[in-house]
Amino acid sequence: MGGVETRISFESMVIKPPSHPTYDLTAIIKLALSEDVGDQGDVTCMATIPDDMEVEAHFLAKEDGIIAGIALAETVFNEVDPSLKVEWSQKDGDYVHKGLKFGKVHGKKFEAEGLAHKIVRAERVVLNFMQRMSGIATQTKAMADAAHPALILETRKTAPGLRLVDKWAVLIGGGRNHRMGLYDMVLIKDNHISIAEGVTNALKSVDSYLEKRNLRMEVECLCIETRTMEEIKDVLEYASKTKTSLTRIMLDNMVIPLDNSDVDVSMLKEAVELINGKFETEASGNVTLETVHEIGQSGVTYISSGALTHSVKALDISLKIDTELALEVGRRTKRA
């Protein structure tokens with residue numbers, strides 16, 4: 001896991017988080033807990049729940065989807081009190097249906113003082129992580145299945161501070177990770193190309209920079225629609241004459257939306273044919289669940305979608321002590 005600082009070491013972690021040299025996941029969890037209790041603690045719990053009350057709380061899916069964040073939830077409970085016990089009937093990446101009880105948290109009164117307080121204290125933080133991660137995983141699974149044989153990627157359009165968590169959820173949903181940040185992959189984008197006064201100049205500068213510093217990393221070049229095929233031809237001509245670190249060409253906004261909610265991928269196909277397998281290809285722009293299948297049939301290697309993480313719809317999950325009442329209310333409101 002590289003430089004990621006975590007305390008995750010549970011059997012439930014079937015899919016590891018991506019690597020990051022400086023990210024401290026434990027610190028993120030501590031911050032989430034701290035911002036909830038502030039400097040006074042959970043005043044409602046302290047006012048209404050006896051210190052020695054022993055309870056058992058169950059995780060309840062209130063809609064269908066892919067569950068994610070189970071290993072992270074265990075870490076949150078462990079941070080609140082290591083004596084809390086969490087049991088699961090599902091694992092990260094599994095499908096859950098509305099009304100399913102898929103896990104429980106409990107403990108023994110003599111091992112965990114103030115057990116009920118601690119479960120309720122952890123509840124919102126656990127659910128915030130799990131609902132967001134499960135929403136990302138659910139959307140990723142749908143997109144990945146529809147995109148086949150192309151592979152689905154997210155982008156850096158993640159919630160601030162949750163980069164690793166969001167990208168972990170993509171992996172759980174069956175997607176692949178794009179670059180983690182600005183440090184682990186060169187991505188020559190439109191602004192770089194404009195400042196360098198051309199794609200060839202930008203690529204030449206990158207090759208020189210990497211060679212001088214003896215750096216080995218993937219290099220991706222963005223080819224935007226407004227410069228069409230000429231820019232791709234320039235890149236291919238440069239690569240045919242020069243040793244380059246280029247590994248992938250991004251084909252941005254070459255998917256053209258039509259009035260009938262369909263898309264025209266003829267430009268994308270033309271670009272893929274022009275590149276002819278010399279480099280990996282990545283389609284970006286106008287990627288939705290409705291369009292991703294057609295894009296995936298164009299021959300591109302990857303399809304990237306920022307919406308996987310920047311427009312996530314959280315999966316509805318609850319943690320209930322009285323699950324029968326929760327199910328009754330859920331049936332009444334059509335949420336269980």
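Which helices and strands each supply at least two residues of the lining of the largest pocket? In this predicted model, strands β9 (246-252) and β12 (280-284) do so, as does helix α11 (307-310). The largest pocket has a volume of about 410 Å³, and 21 residues line it. Among them, T155, K157, K189, S284 and S304 lie nearest its centre. By class, the lining comprises 9 polar, 7 charged and 5 nonpolar residues.

Across the whole structure, 4 aromatic pairs are found. One of them joins F59 and W88 in a tilted arrangement, with 4.8 Å from centre to centre and 35° between the planes. This pair links distant parts of the chain, since F59 belongs to strand β1 (residues 57-61) and W88 to strand β3 (residues 85-88), 29 residues apart. Both F59 and W88 are buried.

W88 also pairs with F102: the ring centres are 6.2 Å apart and the planes meet at 20°, so this pair is stacked, the angle being under 30 degrees. Because W88 lies in strand β3 and F102 in strand β5 (residues 101-106), the pair ties together parts that are 14 residues apart in sequence. F102 has a relative accessible area of 0% and is therefore buried. Ring pairs link F59, F77, W88 and F102 into a cluster.

Confidence must be considered when reading the model. The protein chain averages a pLDDT of 89, and 88% of the residues score at least 70. Over residues 1-6, however, pLDDT stays under 50, although the model has 22 contacts beyond four places in sequence for this segment. Where pLDDT is low, the predicted coordinates should not be read in detail.

Methods. Residues numbered from 1 in each chain as written. Predicted model: local features only at pLDDT ≥ 70, side-chain atom pairs only at ≥ 80, totals over all residues. Heavy atoms only, no water. 1 Å grid on protein atoms, 1.4 Å probe; cavity = no way out; pocket = protein on both sides within 12 Å on 5 of 7 lines; lining within 4 Å. Points joined across faces, edges and corners; volume = space filled by probe spheres on them. Helix = DSSP H or I, 4+ residues; strand = E, 2+ residues; numbered from the N terminus. Nonpolar A, V, L, I, M, F, W, Y, C, P; charged D, E, K, R; others polar. pLDDT = per-residue confidence, 0-100. Contact = heavy atoms within 4.5 Å. Phe/Tyr/Trp six-rings, centres within 6.5 Å; stacked < 30°, edge-to-face > 60°. Buried < 20%, exposed > 50% of the residue type's maximum accessible area, 1.4 Å probe, protein only.
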